[in-house]
Amino acid sequence: MLKLDYHKHEDLSDKPSERLNFAELARAERLYKALWNYVHPVYQTLKGRNDRERDKALYKLATTRPEVDFFLRLEQRLFPWVQYGRRTSFSLFKTYEGKGIVFCAGNPQFEFVITSIQVIRNRLKSTLPIQIFHMGDGDLSRERQQYLHDMASDIEIIDVTQILDNEYMQLGGWAIKPFAMLASSFAEVMFVDADAYFLQATILFSDPGYLATGALFFYDRTLFPGWTGGSDWLKSVLPITSSFPPTSRWFRLVSAHEQESGVVLINKTSRFLGLLATCKMNGKWERDLVSYRLFHGDKETFWTGFEMVQEPYAFIKNYGGVIGELRTDNDQSVCGAQLHEDHRGRPLWWNGGLYRNKNAGVTRYLDFGYWMTGGGRQKHRERFTNDPEQILEVMGELGLNSQADLKLDAPDAEWDFMESCLVGAEVQTLGQREKDLANGYVGIDRVAREDGRKMEAGEKLDPNAHNWDTV
């Protein structure tokens with residue numbers, strides 16, 4: 001039986017290698033996947049007036065069916081936070097229906113999420129239902145919860161710790177994101193960061209990659225080449241992977257970042273088990289002792305979690321670009337926020353807010369007029385690599401005797417990370433509607449920040465006092 005389970009109050013900080021063997025975890029999750037697909041049809045045939053009675057019937061069946069008993073014990077060890085107010089994952093899975101958008105917000109994200117939701121509701125006119133998750137009243141105050149609920153139609157505010165067991169999860173920061181997606185009632189869920197803003201209506205549910213796989217991810221910027229930590233770790237944990245990792249920037253040593261998790265789409269009716277594996281990587285000890293020591297927060301846990309349990313996924317085929325304004329000393333460089341394109345190569349959404357460079361403390365609003373792709377569309381981009389072994393492999397395939405004879409595709413545009421500027425690709429001008437939308441979001445953000453200041457001062461506010469369509 002699995003050796004790496006732990007009690008909810010157990011401290012693993014002094015024994016990570018003994019209790020958190022991710023290679024063993026992957027094997028256990030793949031076994032769990034096979035059992036889940038075997039036991040779920042059995043569960044569906046059980047009689048009962050409600051899920052509680054069906055769960056009870058399944059446990060009774062387990063007394064005579066050892067494979068069912070093994071499955072239930074394995075689920076408790078792998079994903080104990082699911083069995084909170086329920087006894088199996090099946091009763092949670094059964095609640096999912098429809099499509100919707102999920103945000104996570106605490107008090108510090110309050111102003112950002114106001115702007116992001118008003119963009120979706122009142123500028124892009126999406127009618128998809130929205131759920132905002134938090135970690136209790138201490139995370140998002142009741143006054144802010146009420147404001148967010150009232151400011152637009154079909155918004156639900158949900159405490160994730162009332163749905164999943166936080167004594168196991170011990171959530172904080174980024175870790176809430178996959179758990180919020182799991183706890184959401186939507187069958188098809190689009191997670192959106194509080195500081196992510198769209199230029200097109202929510203078209204991603206019809207993206208070809210999403211329709212083909214049931215999970216859609218976005219690439220991060222190409223940054224910090226030569227880092228071997230990610231590829232070395234994944235090779236040690238998963239000797240067998242899908243076709244994606246060997247061609248990834250991680251394995252080609254051209255970027256320490258692969259995925260950007262500001263927007264994530266998952267169809268839980270088909271990719272429930274992939275999401276469970278991602279959540280596992282964001283559990284208290286998994287993230288503190290392994291995942292977040294390797295990765296920058298939750299970002300890489302989505303695609304690596306899907307690899308752990310062998311679930312398919314798709315990436316939009318372009319790397320993180322930039323949207324904003326021309327660099328003052330170089331009109332061939334664009335500076336601003338991180339941009340992501342749709343599958344046709346048009347600007348779709350960006351994250352990082354509306355400021356020129358919030359991470360460097362430059363808090364003036366951007367004048368949105370230009371954008372630049374981050375690349376990633378070369379026909380043979382796997383040929384561009386810093387990995388010596390892969391270079392030798394390519395030379396062998398092409399029958400070359402010298403690396404000097406190897407013709408590589410040009411590298412993608414390059415980032416000035418500290419200045420948040422991109423150079424090396426074509427400077428492209430936003431269309432007039434895109435300019436009007438992006439610069440119009442600044443007006444929403446000004447109102448959101450003013451209301452945030454008033455609320456911090458103790459004032460009672462009515463969000464519908466504003467005309468969000470024209471503000």
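How do the residues of the lining of the largest pocket divide into nonpolar, polar and charged? They divide into 17 nonpolar, 13 polar and eleven charged, where Ala, Val, Leu, Ile, Met, Phe, Trp, Tyr, Cys and Pro count as nonpolar, Asp, Glu, Lys and Arg as charged, and the others, Gly among them, as polar. This is a predicted model, in which local features need pLDDT of at least 70 and side-chain atom pairs count only at pLDDT 80 or more, while totals for chains, interfaces and linings use all residues. Residues are numbered from 1 along each chain as its sequence is written, and side-chain values use heavy atoms, with hydrogens and water left out.

**Largest pocket**

- The largest pocket has a volume of about 1000 Å³ (a pocket being an open set of points on a 1 Å grid over the protein atoms alone, where a 1.4 Å probe fits, with protein on both sides within 12 Å along at least five of seven lines, and lining residues having an atom within 4 Å of a point).
- Its lining comprises 41 residues, of which Trp-174, Asp-193, Asp-195, Asn-351 and Lys-358 lie nearest the centre.
- Two or more lining residues come from each of helix H9 (176-183), strand E7 (259-267), strand E10 (330-341) and strand E12 (355-357) (DSSP runs of at least four residues for helices, H or I, and at least two for strands, E).

**Helices H2 and H14**

- Helix H2 (residues 22-45) packs against helix H14 (residues 268-281) at an angle of about 150°, with the axes 11 Å apart (axes are fitted to C-alpha atoms over the stretch in contact, and angles run from 0 to 180 degrees between N-to-C directions).
- The contact (heavy atoms within 4.5 Å) involves residues including Tyr-32 and Trp-36 of H2 and Phe-272 and Leu-276 of H14, and by class it has nine nonpolar, one polar and three charged residues.

**Helix H6 and its partners**

- The axes of helix H6 (residues 110-123) and helix H18 (residues 432-456) come within 8 Å and cross at roughly 135°, which makes H6 oblique to H18.
- Among the residues that meet are Phe-110, Ile-114 and Arg-123 in H6 and Tyr-441, Asp-445 and Arg-449 in H18, and this contact has nine nonpolar, four polar and six charged residues.
- H6 also packs with helix H7 (residues 142-150) at an angle of about 5°, with their axes 11 Å apart, and the two are therefore roughly parallel to each other.
- Phe-110, Val-113 and Ile-114 of H6 make this contact with Arg-144, Tyr-147 and Leu-148 of H7, a set that divides into five nonpolar, no polar and one charged.

Definitions and conventions:
Angles under 35 degrees count as roughly parallel, over 145 as roughly antiparallel, 65 to 115 as roughly perpendicular and the rest as oblique. Grid points are joined across faces, edges and corners, and a volume is the space filled by probe spheres set on the points.
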